[in-house]
Amino acid sequence: MRFEDRENIIQNMQEIVNSIPSKYYSDILFDTTSSLTVSKSRSGEKVNANLKTRGFVFRIYNGERYYELSTAATGISKLKENVAKLLSNIEKKSTIELVSYPKHEIDRDVPMNIDFTQMALSDKLSKINNVYDTLKKIDDRVQNSVIRYQDSIQERIFVNTEGSILRQKIPRISTYLAPLVKVDGRSDSDYHFVSGQGGFEVLNAINHALLSDLVKSSIELAQAPLPPTGKMPVVLDPSVSGFLSHAVFGHGVQGDAIYEERSVWKNHYQKQVASEILSITDKPIDGIYGNYFFDDEGVLCQKTPLIEKGILKNFLHSRMTASLLGMEGDLHGNGRRQSFMHPIFPRNSNTFIEPGDYDIDEIISEMEYGLLLVKASHGLEDFDGSIHCNSKSGYVIENGEIKDRVKGISLSGDAINMLMAVDAVSKGPVDFIGMNSRKGLNEMVPISFGGVYIRSTNGFVSPG
């Protein structure tokens with residue numbers, strides 16, 4: 001966006017909020033997003049380009065509820081008219097006092113070393129095709145590969161009646177790689193995510209060694225048996241522990257679920273829910289896929305300790321849920337919307353398990369028997385306190401050593417029982433996976449989850 005266009009947009013936004021009587025709170029968000037998605041497999045290439053979606057969403061709070069108006073970017077004059085009409089049809093209430101937030105000014109651009117907006121589509125396809133061809137050449141047992149690439153740019157400008165003027169522009173890239181192999185009539189695939197903020201240089205993480213290891217792992221999976229079943233000690237790799245941190249103590253502690261009493265975690269606030277050596281955090285981290293500087297309500301993104309030394313310390317809030325629950329001091333920048341055409345909900349940013357003191361070799365060597373789970377594949381975000389998580393594969397642990405590889409592992413049971421039994425948390429660094437996460441059927445926002453290795457003496461596993 002040109003500087004002149006940006007200044008004109010901000011001026012129009014300020015005119016709208018300045019027209020609002022001081023007895024009301026109001027804000028306006030300008031949202032512009034563009035993206036490119038490429039899917040590559042043996043069946044061909046599919047390219048989907050969203051060149052640019054631009055629009056405004058205006059909100060006003062009357063002491064009881066928000067009223068919202070949205071329009072495409074070309075409709076700013078009409079929006080001004082509709083705001084004036086809305087003002088004549090609402091009245092001030094004193095039902096719920098909205099949490100206030102200090103005035104801030106931010107103007108941030110995440111830099112790109114290789115600007116993907118200036119690259120020709122053919123150059124991006126060349127990189128994707130090169131990765132596809134390399135996977136095929138590594139081993140003739142590679143029958144097919146699935147590659148999903150996406151780049152996006154999101155720019156948001158926020159102005160409100162508290163005096164804040166905020167702007168951020170964030171480029172993101174994510175790539176999913178999965179070679180499908182066939183060994184002695186049995187097929188399977190492992191996967192790898194590469195994601196982050198920045199330009200096309202994010203894909204520099206994809207090299208021949210990474211692809212070779214991925215193919216080798218896929219071949220091992222095709223020959224691996226199913227896992228043992230039953231209650232046993234388990235070690236979760238960073239992707240599995242990170243997925244649990246996101247699904248259980250991310251979705252489950254979002255303020256709307258707490259207020260509407262849909263989540264069991266409301267009953268455990270400020271109580272012990274995990275081992276005292278376990279801490280789970282949601283916070284901004286530069287360069288990570290889910291990072292941002294302020295949310296869509298003008299609140300700066302800050303650290304939220306969710307679980308601190310085993311104690312459930314905080315929920316994730318929008319302004320509305322913090323107001324409804326009387327948690328005025330707990331705004332940390334989690335009020336997010338998919339676009340100007342979607343509502344705001346409390347959402348995660350970067351959720352992860354904090355590092356501990358153990359070396360991974362030490363964690364394994366202390367075990368007589370158990371299972372190491374690696375590569376989280378999918379799961380459920382149940383709010384009843386249960387765990388449902390599948391991992392792509394794992395390894396049997398016997399007499400302190402990693403033995404046979406197994407595949408298709410389902411981890412289930414009561415979250416508190418499993419997490420209270422965590423007796424080892426590995427050192428960092430934290431490994432992250434970035435993706436676009438949904439709430440319900442839609443409401444996609446970029447997030448990241450991550451973790452380190454953790455061990456629980458109380459896991460229940462089965463084929464899945």
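1. Let's start with Leu 373. Setting aside neighbours within four places in sequence, Leu 373 is in contact (heavy atoms within 4.5 Å) with Val 234, Val 235, Leu 236, Asp 237, Val 240, Ser 391, Ser 393, Gly 394, Ile 409, Leu 411 and Val 461.

2. A word on ground rules: this is a predicted model, in which local features need pLDDT of at least 70 and side-chain atom pairs count only at pLDDT 80 or more, while totals for chains, interfaces and linings use all residues. Residues are numbered from 1 along each chain as its sequence is written, and side-chain values use heavy atoms, with hydrogens and water left out.

3. Next, please look at Glu 297, in the loop between strand 10 (280–282) and strand 11 (304–308). Helices (H or I, at least four residues) and strands (E, at least two) are DSSP runs numbered from the N terminus. Is Glu 297 buried or exposed? It counts as buried because its relative accessibility is 1%. Its side chain makes a polar contact of 3.1 Å with the side chain of Arg 59, and a polar atom of the Glu 297 side chain lies 2.8 Å from the backbone nitrogen of Arg 319. (A polar contact is a pair of N or O atoms within 3.5 Å; within protein, one must be able to donate a hydrogen and the other to accept it, and residues adjacent in sequence count only if both atoms are side-chain atoms.)

4. On a 1 Å grid over the protein atoms alone, a cavity is a set of points where a 1.4 Å probe fits but cannot get out, and a pocket is an open set with protein on both sides within 12 Å along at least five of seven lines; lining residues have an atom within 4 Å of a point. Grid points are joined across faces, edges and corners, and a volume is the space filled by probe spheres set on the points. Three cavities of 30 Å³ or more are counted.

5. The largest cavity holds about 80 Å³, and its lining has four nonpolar, two polar and five charged residues. For these classes, Ala, Val, Leu, Ile, Met, Phe, Trp, Tyr, Cys and Pro are nonpolar, Asp, Glu, Lys and Arg are charged, and the others, Gly among them, are polar. The second largest cavity, about 40 Å³, has a lining of seven nonpolar, two polar and no charged residues; Phe 249 is one of them.

6. Finally, the pockets. The largest has about 830 Å³ of space, and of its 31 lining residues, Phe 193, Ser 377, Met 435, Asn 436 and Ser 437 lie nearest its centre. Strand 20 (431–439) gives the largest share of that lining, six residues. The second largest pocket, of about 710 Å³, has 27 lining residues, with His 192, Asp 237, Ser 239, Lys 375 and Asp 431 nearest its centre.

Technical notes:
Buried < 20%, exposed > 50% of the residue type's maximum accessible area, 1.4 Å probe, protein only.
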